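Here's a quick tour of the structure shown below. Keep it open while you read, and look up each spot as we get to it.

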Amino acid sequence: MATRDVLGIADVVDAAPPPKVTFGRSSARHTWGLVGQYGFLCALSLLVLGPLFLTVIQALSPPFTYVNEGRPLHPVSVAWKDRTWFSGGPISLVVRTLVVLLLVAWLQKVASGQGWRSRTLHTPARLVAIVGGAVALALATGPVFASLRDADGNSGSVFLIAVLVVAATQVWGYLGPTRPAWISVLMAVLTGLGVVGMAVLFVGPEVWTKAWGRYSLGPAMGRSLVMALIITTLQVSTAIMSAYAFVFLRFPFKRLLFALFMATLLLPLEVTLVGNVATIRQLEWTNTMQALVLPFGATALGTFLIRQGFRGLPSEIQDATRLDGYGHVAFLTKFAVPLTRPVIAAFTVISALGAWNQYLWPRAVIESNSFNTLQIQLRQVSAGEVANANEAIASALVAAVPVVVLLIAFQRQIIRGLTAGAVK
Amino acid sequence: MATGRAAVRGKYSAKEVGLAFAFLAPSIAVFVTFFYLPFARLLGWGTYESVRGGASYEQVGLGQYRDVLTGSEFTDGLWHSVLYVFYTVPVGLLLGTLLAVAAHRQLKGIKVFQAIFSSTLASSVAVSSVIFFFLFNPAIGFFQVSWQSDPDMALFAAALPSIWQNLGLAFVIVLAGLQAVPDEVIEAATLDGYGPWRMLTRITLPLISPVLLFLFVILVIFGFQAFAQIEIITKGGPGGASETLVFKIFQQTQDYGKGAVLSVGLFFVTLVVTFLQFTILERRVHYGDS
C-alpha cells in the first residue's frame, strides 16, 4: 500500500466503484488502482467520522421519536427555529458569517494550490467567490429555513436551489489553467452542498441554542477558558524561565535539579491525586480557580521541549549579544524567545489543549455544580434525564467547537507539539 | 553577563546563581508542593488505617501496604486497567498505522483525508465519552445494547470512546514518522523490486519503529490514566466490574490511608511499565544512528 505514485487529477476518468481494492502500478490497472485508493480512503473516513454523523443525527431528533420510528438513519422531527440567516444576536450573526467567509476562502486557497501569503485570494474571481458566496448563502438560507419550519413539502427543491445559487458564485474562482471545467463545476456544487448543508444542520435547528441555555454551557465554557488561559500562561512562562536557567546560566546542583524536574514525569496526577486533594482541602481551596490551575503551573515536558529549542541556538548569537552589552533578561526576551518561537508556539498550543481537556483534577476539587468546568458539566448533563438526551448530545458537540477552532487555526503547531519526541 | 564560557569551572557568579534560582523558583515551588510533597505524605499515610470511615486514623505500620496491595481491590483494579490497555492499545496502533499508510501518498485532495483522519483530536475525553454513552445507550442509542450493565462488556464499552478518540493522535504521530522516512530509501527499495506489501513490512515499518514505540508508550499511559470514560459510561459498574485502578483511587479520596496505598501501588505499576517498555522494546526497535 505504500506505493508512492505521483498522480495527476487528469487521471481520474472513471468514478465507478471498484469491485475490490487494488494498488496496481502497471498502466492498465492504473485507473482502477486510483479509484481503489480513493474508495479505501473514503471508507476509512467513514470509520473516523461515522460516530460523529450518527451523533449529529441523534442530536437533531428527539430520542424516542426515532426509536419509535424504527431508528431510521436520518433526522426525525427536527425542531426548526423561526429564523433567517440575519436573526439571532449580532455576535452569533457575525461569528456565523465569519465562519462561512473563512471556510470559502480556505477552500479557494486549497483549490489554488498556493499558500496564504502569495496574494492567492487577491484575484477578482476569488474575491467574487468569497464575498458572493457568503452573500448568496445569507440570502438563500432564509427560504430554506422557512420551508423546513413550515414543512411545506418543497424543502428538497428549495434546498437544491440554494445549493446551486451558492455553487454558481464559486465556479469562476475554481477555474484554473490546469483544471477541466467540469471538475470546477463539481467542486463548486460540492462546496455549495457543504456550506448550505452545514447552515441547515447547525443554524436552523433549535437544539443547539436550547442545549446552550438549558445546561448553562456559556458560564461553564467561560470558566474552562479562563482556566485554560491561566494554565497555559503559567506553563509557558515557567517552562521558558527554567529552560533558560538550565541552558544559559551556571549554578550549582544543575544536573541534580534537572533530574528532579524530569523525575516529576514519573509522578502523574493520578498517583498524587489523594495527596493533592488533601492539600486543597486543608487550604480550603475547593471550588476555587487557584485549585484548578496551580498544580499545573509548571511542567517537566515544557521545560524539556523549550530547553531543546534553546540548545539549538548557535552559540555565536549569545557571544555577539554579550559583546553588545545585553544582559540575561534582555537576551532572553529579545533573542532567545523570538528565535525559538516555533517550539514555544507548539508547546503553547498542546498545553492549552491539555488544560482545556482536563477532567480528573477538576472533578476531584469541584464539589459544587455551579463551579463546573465544561468537561465536568458534560458529565452532569449526560447523567440527566433520557427524554431530553438529544440536548445532552448537542451539548457535547457544542463543547467541541472551541477545540475545532483551535485545531484549524493552529494545525501545524498542534501536530508539531504532539509529534515532538516521536520524530527528531 | 559576569561570567563567560571561559570562566573557571566550579566558580559561580553570585548574580548568575541568583538569577537562575529566581527563574527556577516558580517551577520548584509547584513541583515541591504538588508533586514531591504529596507523594512523600502518601508514603506516610499508607501506614495509617482509617477508623470509623475516616473519623480518625490509627498507625498500623506496613501491614496495610501488605493487606491492600495483595487484596482483591488492588488486584481487581490493576486487572481492569490492564484489560483496558489491551482493549485500546493494539487496535490504536493498528488503526493509526492503517490510516497513516493510507493517507501517506501523493494524490489530489489527500490533505482533505488527512484533515478528516486527524479530526478526532478535536474531541476531549468527556466529549467522546458522552458521544459513545448515547450511541450505545440501551434505551435510546443507535445501537441499543446493554453493554454498560453486562459485567463482561462494560469495560469494552468504556474503551470504545478511547479507541475512537486515539485515532487522530495515532494517525498524526505515525504520519509524521512516515514523512520522515528518506525518499532515497523508498526509491532504492523500489529499484530492488520490492512490492507494496514487502516495502511496508520490510522497509517502512522497521524504519518507523521508534515512532511506533513512542505511540505505544503514549497509548499505554493514556490507557492506565483512563477515568472520564469509565465514570461517564459505566460509573465503575456493574458491581465494580469496570473499576480501574485510577477509578478506585478517585473513590478513595475520603479514606487517605487506603487511597495512599493504592496510589503508591499505581506509582510502582507506572514505574514497572515504563521500565519494561524501554528495556524490552528498545532492543527490537531500529534507530537510525545505531
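Follow helix 1 of chain B along and you'll find a bend of about 45 degrees at Ala25(B), with a proline, Pro26(B), coming within four residues after that. Keep in mind that this is a predicted model.

**Chain A overall**

- Chain A is built with 19 helices and zero strands.
- Its C-alpha trace spans about 75 × 55 × 45 Å along the principal axes.
- Chain A has 424 residues, and 40% of them count as buried.
- Take the contacts in chain A between residues at least 6 apart in sequence: 68% of these join residues at least 24 apart.

**Where the two chains meet**

- On chain A, 82 residues are in contact with 82 residues of chain B.
- Helix 1 of chain A (residues 30-60) supplies the largest share of chain A's side, with 11 residues.
- Sort that side of chain A by class and you get 54 nonpolar, 21 polar and seven charged residues.

**The nonpolar cores**

- The largest nonpolar core has 164 residues, and Tyr244(A), Ala396(A), Val130(B), Ile173(B) and Val174(B) have the most contacts inside it.
- Helix 6 of chain B (residues 154-179) gives the most to this core, with 18 residues.
- From chain A, domain 1 (1-78) and domain 3 (213-419) each put in at least three residues.
- Zoom in on Tyr244(A): leaving aside neighbours within four places in sequence, it is in contact with Phe310(A), Leu332(A) and Ala336(A), plus Phe23(B) from the other chain.
- Another core lies apart from that one; it has 26 residues, including Val104(A), Ala134(A), Phe159(A) and Val163(A).

**Helix 19 of chain A and its cover**

- Helix 19 of chain A (residues 411-419) has these buried residues: Gln413(A), Ile414(A), Ile415(A), Gly417(A), Leu418(A) and Thr419(A).
- What covers them? The cover includes helix 15 (341-357) and helix 18 (389-409) of chain A, along with helix 6 of chain B.

- Val246(B) sits in helix 11 of chain B (residues 245-251).
- Val246(B) counts as buried because it has 27 C-beta neighbours inside 10 Å, and 20 or more is the cut-off.
- Val246(B) and Phe227(B) are 19 residues apart in sequence, yet 6.5 Å apart in space from C-alpha to C-alpha.
- Beyond its neighbours within four places in sequence, Val246(B) is in contact with Gln225(B), Ala226(B) and Phe227(B), and with Glu270(A) from chain A.
- Now try Gly89(A), in the loop between helix 2 (63-68) and helix 3 (90-112) of chain A.
- Gly89(A) and Thr286(A) are 197 residues apart along the chain, and 36 Å separates their C-alpha atoms.

- Most residues other than glycine have a negative phi.
- Glu284(A) is not a glycine, but its phi is positive, about 55 degrees.
- You'll find Glu284(A) in the loop between helix 10 (269-282) and helix 11 (289-293) of chain A, and it counts as exposed, with 9 C-beta neighbours inside 10 Å.
- Lys235(B) is not a glycine either, and it has a positive phi of about 55 degrees.
- Lys235(B) lies in the loop between helix 10 (228-233) and helix 11 of chain B, and is partly exposed, with 16 other C-beta atoms within 10 Å.

Definitions and conventions. Residues are numbered from 1 along each chain as its sequence is written. Chains are lettered from A and ligands numbered from 1 in the order in which they are written. This is a predicted model: local features need pLDDT of at least 70, side-chain atom pairs count only at pLDDT 80 or more; totals for chains, interfaces and linings use all residues. Two residues are in contact if their C-beta atoms, placed from the backbone, lie within 7 Å. Helices (H or I, at least four residues) and strands (E, at least two) are DSSP runs, numbered from the N terminus. Ala, Val, Leu, Ile, Met, Phe, Trp, Tyr, Cys and Pro count as nonpolar, Asp, Glu, Lys and Arg as charged, and the others, Gly among them, as polar. The bend at a residue is the angle between axes fitted to the seven residues ending there and the seven starting there. A nonpolar core is a set of buried Ala, Val, Leu, Ile, Met, Phe, Trp, Tyr and Cys residues joined through C-beta atoms within 7 Å. A residue is buried if 20 or more other C-beta atoms lie within 10 Å of its own, exposed if 12 or fewer, and partly exposed in between; C-beta atoms are placed from the backbone. Domain bounds come from an automatic or database domain assignment.
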